[in-house]
Amino acid sequence: MLINAEKGISGWIYDIQRYAIHDGPGIRTLVFFKGCSLRCSWCCNPESQKFGPEMVFFPDKCIGCRRCIDVCPFKAIEVKDEILYTHRYFCEQCIIQNSGNFPCSDICASKARVTMGSLVTVDYIVDQVTRDQWLYKHSGGGVTISGGEPLNQPQFLLSLLKKLKENWIHLAIETSGYGKWDDLKNALTYLNLIFFDIKAYEKSYHINLTGKENDVILRNALQLNSYLKKQELDIDLIYRIPLVPLYTCNEENVYQILDFIKNKLGGGKVEFMPYHRLGRGKYQSLGREYSLSELKPPSNEVVQCFQHAARERGLEVVTL
Ligand code: SF4
Ligand code: SF4
């Protein structure tokens, strides 16, 4: 979907959520950028990972009108025992041929097929999020830029942050740290709060977990830390550690991260992010397999144990 993309700087987002209370202080609006270079198998927003638009199918909303079958240029939709199956391979070609406007989602009146991802202008987002400015003011809230990875669209990000700051809005960002230092540094001019993910300390372990090395992430954490101190910038920095059983949630990995924060970053605030299953259904809608279907969230005892380990190292544990 293209929304005023011809006017001004534009970028890909997949959602704008109002009235959020978890990703920063007060009542906030979350702007979700689309596209991420990492592939964490526990990701609860798989629709955020791919760059550009995707067709999403929600079978429970389908009323069986079969209009999508008629308009699909690739005959990619098949009916077996009254159930619709989509051969996703063809949808990739459909993106190219139709510039992100999927005929099936355009015609589906029940919203069983929707296009996930919109190319929008900065002005469009500013117009949307400033509607709740009175709420931000009275709750101490603001706007959080999330993803996907916001640093993957640096020009769009900077332009958006600048315009929002002109409206005196408290600004937060959630980043995996996997981006260029200069882009992160430029964003600091406007930010009030940074959530910086550290998923693993060992390089090979990080590759296994995410598909990418973590050199750039750890280097950015070091540069960010020293830059904030040197410039005496009043930006709140919270390191986020995901606790995913069998993946990140083990003593060796978490202690290595905590020691890195304590010894190399000079301490600071940490927030533990226990794994949850809320994103499970989204994988099916995207035609992808969810490999963690048997995984259970960590117990409260486990989370508290790591919180204790952080406090023992002199770190401040944050629970938002
Ligand atoms: S157009 Fe929508 S509601 Fe109709 S069959 Fe296709 S997916 Fe189902
Ligand atoms: S996205 Fe395109 S190829 Fe895929 S089912 Fe829809 S119309 Fe067919």
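Over the ring of which residue does the charged end of lysine 80 sit? I looked this up in the predicted model and found that the charged end of lysine 80 sits over the ring of tyrosine 85, at 5.3 Å from the ring centre. I then looked up arginine 113, whose charged end sits over the ring of phenylalanine 57, 4.3 Å from its centre.

**Entry on the domains**

I noted that the chain is divided into domain 1, made of 2-50 + 121-317, and domain 2, which covers 54-116. The centres of the two domains, taken over C-alpha atoms, are separated by 32 Å, and their contact takes 7 residues from domain 1 and 9 residues from domain 2. Between them domain 1 and domain 2 bury about 860 Å², of which 53% is on carbon and sulfur atoms. I also asked which three residues supply more than any other three of the area that domain 1 buries against domain 2. They are Lys50, Ser285 and Leu286, with 56% of that area.

**Entry on the aromatic rings**

My count of aromatic pairs comes to 11. I took up phenylalanine 33 and phenylalanine 156, whose ring centres are 5.0 Å apart and whose planes stand at 35°, so the pair is tilted. This pair links distant parts of the chain, with phenylalanine 33 in strand S3 (residues 28-33) and phenylalanine 156 in helix H6 (residues 154-166), 123 residues apart.

I next looked at tyrosine 89 and phenylalanine 90, which form an edge-to-face aromatic pair with 5.3 Å centre to centre and 70° between the planes. Tyrosine 89 is exposed, its relative accessible area being 60%, whereas phenylalanine 90, at 28% relative accessibility, counts as partly exposed.

I found glutamine 153 in the loop between strand S9 (142-146) and H6, and it is buried, with a relative accessible area of 12%. Leaving aside neighbours within four places in sequence, glutamine 153 is in contact with Gly11, Trp12, Phe33 and Lys34; of these, Phe33 belongs to the tilted pair described above. The place of glycine 148 is also in the loop between S9 and H6, and the peptide bond that leads from glycine 147 to glycine 148 is cis, with omega near 5°. I keep in mind that most peptide bonds are trans.

**Entry on aspartate 15**

Aspartate 15 is found in strand S2 (residues 10-20) and counts as partly exposed at 28% relative accessibility. Which residues does aspartate 15 touch, not counting those up to four places away in sequence? I listed Leu30, Val31 and Phe32. The C-alpha atoms of aspartate 15 and phenylalanine 32 are separated by 5.3 Å, although the two residues are 17 residues apart along the chain.

**Entry on helix H8**

For helix H8 (residues 203-210) I listed the buried residues as His206, Leu209 and Thr210. These residues cover an arc of only 75° around the axis, which puts them on the same side of H8. The general rule is that an α-helix has 3.6 residues a turn, so residues three or four places apart point the same way. The partner against which the buried residues of H8 pack is helix H9 (215-231). Just after H8, glycine 211 takes a positive phi of about 90°.

Tryptophan 168 is not a glycine, yet has a positive phi of about 60°; tryptophan 168 lies in the loop between H6 and strand S10 (170-175) and is exposed, with a relative accessible area of 79%. Leucine 246, likewise not a glycine, has a positive phi of about 75°. The place of leucine 246 is in the loop between strand S12 (236-243) and helix H10 (251-263), and at 75% relative accessibility leucine 246 counts as exposed.

Definitions and conventions: Residues numbered from 1 in each chain as written. Chains lettered and ligands numbered in written order. Predicted model: local features only at pLDDT ≥ 70, side-chain atom pairs only at ≥ 80, totals over all residues. Heavy atoms only, no water. Buried < 20%, exposed > 50% of the residue type's maximum accessible area, 1.4 Å probe, protein only. Helix = DSSP H or I, 4+ residues; strand = E, 2+ residues; numbered from the N terminus. Arc of directions from axis to C-beta. Contact = heavy atoms within 4.5 Å. Phe/Tyr/Trp six-rings, centres within 6.5 Å; stacked < 30°, edge-to-face > 60°. Lys NZ or Arg CZ within 6 Å of the ring centre and 35° of its normal. Domains from an automatic or database assignment. Buried area = accessible area lost by both parts, 1.4 Å probe.
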